Structures are given as C-alpha cells and as structure tokens.
Amino acid sequence: MRRKFNRKTFFGLSAGAIIGLPFLLKGLKLDAQSHAKAEGLNEEVHDWKMVTTWPPKFPVLGVGAEMLADLLQEMSGGRIRIKVFGAGELVPALGCFDAVSTGAAEMGSGVSYYWAGKAPALQFFSTVPFGLNAQQMTSWLLSGGGLDLWRREYAKFNLVPFLGGNTGVQMGGWFNREIRSIKDLQGLKMRMPGLGGKVLQKAGATAVLLSGGEIYTGLERGIIDATEWIGPYHDYKMGFHEIAKYYYAPGWHEPGTQMEFFVNQAAYDKLSDDLKKIVEAACLYIHNWILSEFESQNAKYLRLILQESDVELRQYPPEVLDQLKRYTQEVLQELIAKDEASREVYQSYRAFQDEVGQWSEQTEKLYYQYLQ
Ligand code: CA
C-alpha cells in the first residue's frame, strides 16, 4: 500500500518538475517539417526513438531523458524529434545498448557499468569504487582525455557517447545490523552491482543483482540482508527506511556515477554539423541539470528520512573502508591484467585521479575541514 502511494507521489513530483521547465513549454506540437521550411531550412527531419534503462518517468534520470527530447526538438527548431521509451516499453532495460548499437533505436540513456559484459573497459565511464567524484569525473571526461577514450571504446559498438548526468556521491546502503568491522560484511547478502559487488565478494559477502523493482521485496523477505540503491531521494521513494535500521555513508562503491546518452553512429552521421553541436550542447545541459537535481533533492530527502523514521545514520569505520579500498585495488589489478582496453582506460583515469587528488587535498578538503 505504502509503496504504491510512494510511487504515485514520485511520478506526481516528476510531472511537476517537468511542467516547471521552460524548455518544455513550446515545440511539442510543432510540425517539424513546416517549421524547418519556415526557417528557410531545407533539411531532413530526424525522427528518433530513445530507449532508456529507467522506468517511465523515473525521477531525475527518466525525467532528464524526456527533458532532453523536448530540449532537442526546441533547439533544433523541430529538426530532431525524439520519442522516449521507458525500460520495457520497447526493449528491456538491459537491451538498450544492443538496440542502439544495431540501429533498432537511434538513442539510448543508461549507465555504462550495465554494459561491462560487452566489454569490461566500458564500466570505467560510469564509476570506480574509491574513484573520482562527480566534479572530477566531468573534468576527466571533458578536460582530461576521458571522453576521447569513451568515444573510442563506444565506436567499437557503433555508438557515440555523451555525458548524461551524474548522481554525485551515492549512499553506502541499508543494513539491519551494524558494520563495525570488515567481519560484519562476511556472509552478508547485499544488492550491489558493478565493480563494488566484486569488492564485496572479496570481503566475504555475496553480491546479489536485483533490479530496482525487486529490491524492496527482497529486503523485506530476507532474500537479501542489505542493499544499496542511489541516494536519499530515490531511496526514500523506495521506502527502505520502513524496513531497514541503519543507513550507511559514504557510497564508497559509487563516488560519482556518470550517466550517459548514446547515439547510433549511422544516425549521428546523418546529422548536419549544427545538429551535432546541438545534440552535444543539449546533453551537457541535461548533464548539469541531473547533477544539480540529485544534489538538491538528496539534501532534502535525507532530512525527511531522519525526521520520519527511526533509521540511524552511520558511517563506515575507516578500517572497513581501508580494507575495501585494498580489495578494490585487487579487483582492478585483476581486471586490467587480462584486458588491454581496460588497462588503457584505467591508466588514464587513475593518472587523472592521482593528479586531481593532490589539488583537492589543498582546496576542497581543507575548505570542508574548516567549515566543519
Ligand atoms: Ca547505486
């Protein structure tokens, strides 16, 4: 009952967020071809399908995909028209990569660690445990050579990637027992995807893969003992505070998860040069909106969780994080030892992290220490 109510509220908020956005107000009923003619443009209209890994109208991420579609129609004067499909509406969530790669859809929205099975190097364009935060990730991609590597790796699958938002530092997850030492993770069945899941396995836990829709029931029925999801906004809507006692920080496994839009190479090649720039600019606009939205909603919803429930906020002890960090290095070394593309991408990522980390030590770290 409660979850249904939550879901409705969720979508209600999303619709409200959409209505408030200036970009979405116009252009929806444009006749694109006549508009193009009116503008004196003798150009093809690109009717695209965007498949997403998110449920329809999923807060922030699904909403962001729809905002992008409307923004592109507006910015292109109707020359790009995109119909957005939620997960399962055209293809399943994890079918998006193949659908766009083969050209069955022209555009997709997701996160690259979902595609690690296609090529392990792809997951470095999402997040790495104990890796870059959102600001640093954007910087690696746009100013540190990361985007060139991303384009190179995605080109192998006929895809052109674009920045599509970032969650910021996620939360460390929901538990019904305290984590005082690394031993408390042993035997724990925890929902955690990606490289973080592999790190957990090294700590003696079992990483369980459950899709978003399965987590609440899994935790309630004891199929899993613990779970991570995203951050307070999405976690609150899932209702985890009703069935878990401890909420742990920080999300060491996802310190700044990069979201993505990707376009089929042939569809992209058909765009005129100005439309290519418009796609890039619109994706960057949404990238910023998504990060901002996460930051502002998470702050608000952490407060609500603590006000409305008996959940106790906890921090992972430093010794636990130290050990998880050592396991992360093992996981990464094993990965790059057997895959050349992963090695190359990770070397770039790691070199950037080492350098930018020294800068952060002298700036952000000192600043936050002072504020505290
Ligand atoms: Ca997560």
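This is a predicted model: local features need pLDDT of at least 70, side-chain atom pairs count only at pLDDT 80 or more; totals for chains, interfaces and linings use all residues.

Biologist: How many aromatic pairs does a search of the whole structure find?

Modeller: A pair of aromatic rings is described by the distance of the centres and the angle of the planes. Rings of Phe, Tyr and Trp (its six-membered ring) pair if their centres lie within 6.5 Å; planes under 30 degrees apart are stacked, over 60 edge-to-face, and the rest tilted. The search finds 26 such pairs. In one of them, the centres of Phe58 and Trp229 are 6.3 Å apart and the planes stand at 75 degrees, so this pair is edge-to-face.

Biologist: Where do phenylalanine 58 and tryptophan 229 lie?

Modeller: Phe58 is in the loop between β1 (46-52) and α3 (61-75), and Trp229 in the loop between β8 (226-227) and α9 (232-238), so the pair ties together parts 171 residues apart in sequence. Helices (H or I, at least four residues) and strands (E, at least two) are DSSP runs, numbered from the N terminus. Both Phe58 and Trp229 are buried, that is, under 20% relative accessible area (1.4 Å probe, protein chains only).

Biologist: Which residue lies over the face of phenylalanine 85?

Modeller: A charge sits over a ring if NZ of Lys or CZ of Arg is within 6 Å of the ring centre and within 35 degrees of the ring normal. Here Lys83 takes that place, 5.0 Å from the ring centre of Phe85.

Terms used
Residues are numbered from 1 along each chain as its sequence is written. Side-chain values use heavy atoms; hydrogens and water are left out. Buried means under 20% relative accessible area, exposed over 50%, partly exposed in between (1.4 Å probe, protein chains only).
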